[in-house]
Amino acid sequence: MNTNEFLAFTLGNEEYGIDILRVQEIRGYEAVTRIANAPEFLKGVINLRGIIVPIVDMRIKFNLGTPTYDQLTVVIILNIGTRVVGMVVDSVSDVMTLLPEQVRPAPEMNTTFNDDFLIGLGTLEERMLILVDIEKLMSSPEMGLMDHAG
């Protein structure tokens with residue numbers, strides 16, 4: 001039987017899910033070192049046990065209003081290819097296991113979210129998770145986080 005585990009997190013009023021296997025750890029939000037001329041969504045970098053980790057604020061990236069930083073704000077540390085990247089979200093709720101039949105294709109929508117990065121919609125009882133292909137998103141040229149030597 002094929003199951004997929006997703007880390008559920010919130011951005012604004014929506015709940016999203018990413019592949020749990022991409023998650024290295026979850027940390028509280030801490031001050032970052034700003035980088036000159038970086039896009040607004042790239043908050044800066046942190047030093048994580050000797051590794052310089054870029055921190056992306058997903059709320060800014062997806063135009064979800066002005067982000068606030070409080071005790072619920074977390075940084076999800078991701079392993080994407082050979083890079084470690086941090087992602088700021090409003091909160092993390094839990095890990096959900098979804099069976100293939102619980103994942104529906106995402107409907108065509110005119111959103112700030114590029115459909116290329118959507119896996120689909122995960123449904124579990126009353127909950128609906130927007131499933132994001134976080135590896136594809138973070139390694140996309142528009143994020144500018146990966147080396148795109150072709």
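These are my notebook entries on a predicted model of one protein chain.

**Ground rules.** I number residues from 1 along each chain as its sequence is written. Because this is a predicted model, I note that local features need pLDDT of at least 70 and side-chain atom pairs count only at pLDDT 80 or more, while totals for chains, interfaces and linings use all residues, and that side-chain values use heavy atoms, with hydrogens and water left out.

**Entry 1, the whole chain.** I looked up the secondary structure and found two helices and 11 strands, where helices (H or I, at least four residues) and strands (E, at least two) are DSSP runs numbered from the N terminus. Read along the sequence, the elements follow the pattern β-β-β-β-β-α-β-β-β-β-β-β-α. The C-alpha trace spans about 45 × 40 × 30 Å along its principal axes. I then checked the radius of gyration, taken over C-alpha atoms, against the globule rule of 2.2 Å times the number of residues to the power 0.38; a compact globule of 150 residues would come near 15 Å, and the chain has 15 Å, which agrees. Buried residues (under 20% relative accessible area, with exposed over 50% and partly exposed in between, using a 1.4 Å probe and protein chains only) make up 43% of the 150 residues. Taking contact as heavy atoms within 4.5 Å, I find that, among contacts between residues at least 6 apart in sequence, 54% join residues at least 24 apart.

I followed five strands that form an open sheet in the order 3-6-7-5-4, with mixed pairing; two strands pair if DSSP finds at least two bridges between them. The edge strands are strand 3 (23-28) and strand 4 (42-48), each of which pairs on one side only. Neighbouring strands of this sheet are turned by 30 degrees against each other on average, direction ignored, with axes being lines fitted to C-alpha atoms (for helices over the stretch in contact) and angles running from 0 to 180 degrees between N-to-C directions.

How many residues of strand 6 are buried? Six of its seven residues are, so strand 6 is largely enclosed by the rest of the structure. Strand 3 pairs with strand 6 in the antiparallel sense over five bridges, and I noted Val74 in strand 6 as the bridge partner of Gly28. Strand 6 and strand 7 also run antiparallel and are joined by seven bridges, with Val88 in strand 7 as the bridge partner of Val75. These two strands form a hairpin with two residues between them, and Gly81 in the turn has a positive phi of about 60 degrees. Strand 7 (residues 83-89) also pairs with strand 5 (residues 51-57), here in the parallel sense and over three bridges; Gly86 in strand 7 is the bridge partner of Ile55.

I looked up two loop residues. Arg49, in the loop between strand 4 and strand 5, has phi near 50 degrees, a positive value in a residue other than glycine, and is exposed with a relative accessible area of 61%. Asn63, in the loop between helix 1 (58-61) and strand 6 (74-80), also has a positive phi near 50 degrees and counts as exposed at 58% relative accessibility.

In one, the rings of Phe9 and Tyr16 have centres 5.7 Å apart and planes at 15 degrees, so the pair is stacked. Phe9 counts as buried at 2% relative accessibility, as does Tyr16 at 6%. I also looked for charges over rings (NZ of Lys or CZ of Arg within 6 Å of the ring centre and within 35 degrees of the ring normal). The charged end of Arg59 sits over the ring of Tyr69, 4.8 Å from its centre, and the charged end of Lys61 sits over the ring of Phe41, 4.7 Å from its centre.

Leu129 lies in strand 11 (residues 127-132) and is buried, with a relative accessible area of 0%. Leaving aside neighbours within four places in sequence, I found Leu129 in contact with residues including Phe6, Ala8, Tyr16, Met96 and Leu121. Ser91 is 38 residues from Leu129 along the chain, and their C-alpha atoms are separated by 14 Å.

Key:
Rings of Phe, Tyr and Trp (its six-membered ring) pair if their centres lie within 6.5 Å; planes under 30 degrees apart count as stacked, over 60 as edge-to-face and the rest as tilted.
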